[in-house]
Amino acid sequence: MRRLSCPLPLLAATIALAAMLTGCATKPPVDDPDAMAEYNQTNDPLEPTNRVFYVVNNGLDTVILRPLAVAYKYVVPDVVRSHAHNVLANLSMPGSLFNDMLQARSRRAGDSLMRLVVNSTVGVGGVFDVATGWGWPAHDSDGGMTLAMWSLPEGPFLFLPVLGPSSPRDATGFAGDIAIDPLTWVGEGVVVSALGWTRYSTNAIDTRAGLLDVLDKIKGQALDPYATIRSLYQQHRQSQIDDARSDDRATVPAWFAQPRRP
Amino acid sequence: MLTRRFLLLSATGALAMPGLLPSPARAQNLDQVAAFIAQTGTDIAAVVNGPGTPGDKQKQLQVVIDRTVDVNEVARFCLGRFWRAASAEQQREYQELFHRVLMINITGKIGEYQGVTIAVGRAQPREGTIVVASIVNRPGNPPSKVDWVVSTDSGGPKIVDLIAEGTSLRLTQRSDYSAYLARNNNNIQVLIDALKQQASQQG
C-alpha cells in the first residue's frame, strides 16, 4: 500500500488555522427576507475563509498548473492528448463502477463494466474509447454523488487548498474514491508510488487543460470570479446528481421483450 | 349554431386558460418552439461557418441574437432582487450596458465556434417556460448538452436562458452580480460603472 496520508494532517491544520483567522460570513439582517433567501441559497457561510483559499489556489494555478496545462496543450498533439485522457478515464473506471453499484444504478454499472472490459482489451489498455461507439457511453460517477444519492446533506460550500471547489460531502466522497480505487492498494515500492503520483499529476494537468478556455473566460468576464465558480460548481454537481437519479433505465436481458421507451 | 361570437369567445377562452388547452394544441406549441430553436441553431451555424470577415460575422450574429433572445428580460433576471431597488434611470442604463457586454462576450470569440453544429432534441414545458434539449458539437471538443429555455410571455418565442451541462447561464450571471454588489455595499451604481468599464474595455 502506498502512503497517501502524510500531507492530510498538515492540510487539516492549515484549514483550521485559516478558519480561525478569518471567521465566518456575516448573516444578513432577519428583516431582509430577500437577502436572507440569497444567503441561504448561496450556502457559503465560510465565505471569508474560502476566499482566502481561492486566492491561494489562484496563485498556485497561475504559477504552476496553468503554465503546465498551456505547455501540455501546446507541445502535445490533440490526438495524443485525447488518448492520454482516455487512458486516465479508463484507470478511474473501476472506481466509477463501484460508485454506480453503491448508487444502485444497474444500467450505469453495466456501462462502466463494459467500458472497462472493452476499452482495456479492444481499446488497447484504454488508449481508444471503443465502448462509446458500441453503445456503452461515458457518464459521471463519484463518491460525492453516491453520498448525495444516499441522501447525505451537502453541507456548506468549501474551497479547499489545491483541490478547489468542494463541500464536506464531496470531500468525503473524494477520500472514499481514493480508498476504493484498486490502484491505491496495488503493489508497493518506489516505482509503484511514482507511477501513482504520475497518474495524479497527469490527471490534474489533463483536467486543467480541458478547463483552460472556460477558466480564462470566467476570469476575464466575471466581476467576481469566485462567486461565478461557486455557482457553476454547485449547479454542475446538482445536475450530475439529477442525471444519476433520473437514469432509471430498466435492466432487461437483450433476448426479452424490451420495455417501451417514452 | 356556430356564430362568429361563439368562435371568438372560445378563442379568447382558450388563450386565457393555457392549462386547459387541448393537448394537441399544446403539443403543437412545443413543436413550434422546438422548430424555433432548430431554426435559431441553423442561423447561428450559418453565420459562424459562413463567409465574411470576423467583423461581418459579429454583426450578423448580433442580428440573430437580437431577434431570438429577450435580452431585457435576461438583464432583469440577472439583477435579481436589486432590480426593484434600482431607479428607472439606473434600470435603463443597466439594461443598455448589459446588452452591450452580452454581445461582446458572445461575439468576441466567434472564431472558437467554427464548425459548430447543433442537434435539437425534444421540447418540454418547465415552470412556465419551454425547455428545448440539444447537443452542441464543436470540432475537437466532446459534444455538450445544452438546454434552451424559451419564454412565450412576450408573444412570440424568445430565448431567456441557456443551460450548458446543467449550469444555467443567467443564474450564474446573477450570482456573479449579487456577490459583486454584496462586496460593494449593494450599491447598484458601482455595478453599472463596472459594466461600463467592461463595455469599453473589450468593445
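I began with confidence: pLDDT is the predictor's confidence in each residue, from 0 to 100. I noted that this is a predicted model, in which local features need pLDDT of at least 70, side-chain atom pairs count only at pLDDT 80 or more, and totals for chains, interfaces and linings use all residues. Residues are numbered from 1 along each chain as its sequence is written, while chains are lettered from A and ligands numbered from 1 in the order in which they are written.

**Entry 1. Confidence in chain A**

I looked up the elements, where helices (H or I, at least four residues) and strands (E, at least two) are DSSP runs numbered from the N terminus. Among the elements of chain A, helix α7 (residues 143–149) has the highest mean pLDDT, 97, and helix α1 (residues 7–22) has the lowest, 57. For chain A the average is 88, and 89% of the residues score at least 70. Over residues 1–7 of chain A the pLDDT is below 50. I recorded seven contacts for this stretch beyond near neighbours in sequence; two residues are in contact if their C-beta atoms, placed from the backbone, lie within 7 Å. Where pLDDT is low, the predicted coordinates should not be read in detail.

**Entry 2. Helices α4 and α10 of chain A**

I examined α4(A) (residues 78–91) and α10(A) (residues 190–210), whose axes come within 10 Å and cross at roughly 125°. Axes are lines fitted to C-alpha atoms, for helices over the stretch in contact, and angles run from 0 to 180 degrees between N-to-C directions. The angle makes α4(A) oblique to α10(A); under 35 degrees counts as roughly parallel, over 145 as roughly antiparallel, 65 to 115 as roughly perpendicular and the rest as oblique. From α4(A), the contact is made by A:Ala84, A:His85, A:Leu88 and A:Leu91, and from α10(A) by A:Arg199, A:Thr202, A:Asn203 and A:Asp206.

**Entry 3. A:Arg169**

I found A:Arg169 in helix α8 (residues 168–180) of chain A. A:Arg169 is buried, with 21 other C-beta atoms within 10 Å; the cut-offs are 20 or more for buried, 12 or fewer for exposed, and partly exposed in between. Not counting residues up to four places away in sequence, A:Arg169 touches A:Gly144, A:Leu147, A:Ala148, A:Leu152, A:Glu154 and A:Gly155.

**Entry 4. Contact of chains A and B**

I read the contact as taking 17 residues from chain B and 17 residues from chain A. On the side of chain B that touches chain A, β5 (167–168) and α7 (169–182) of chain B each supply at least two residues. There α7(B) gives the most, with eight residues.
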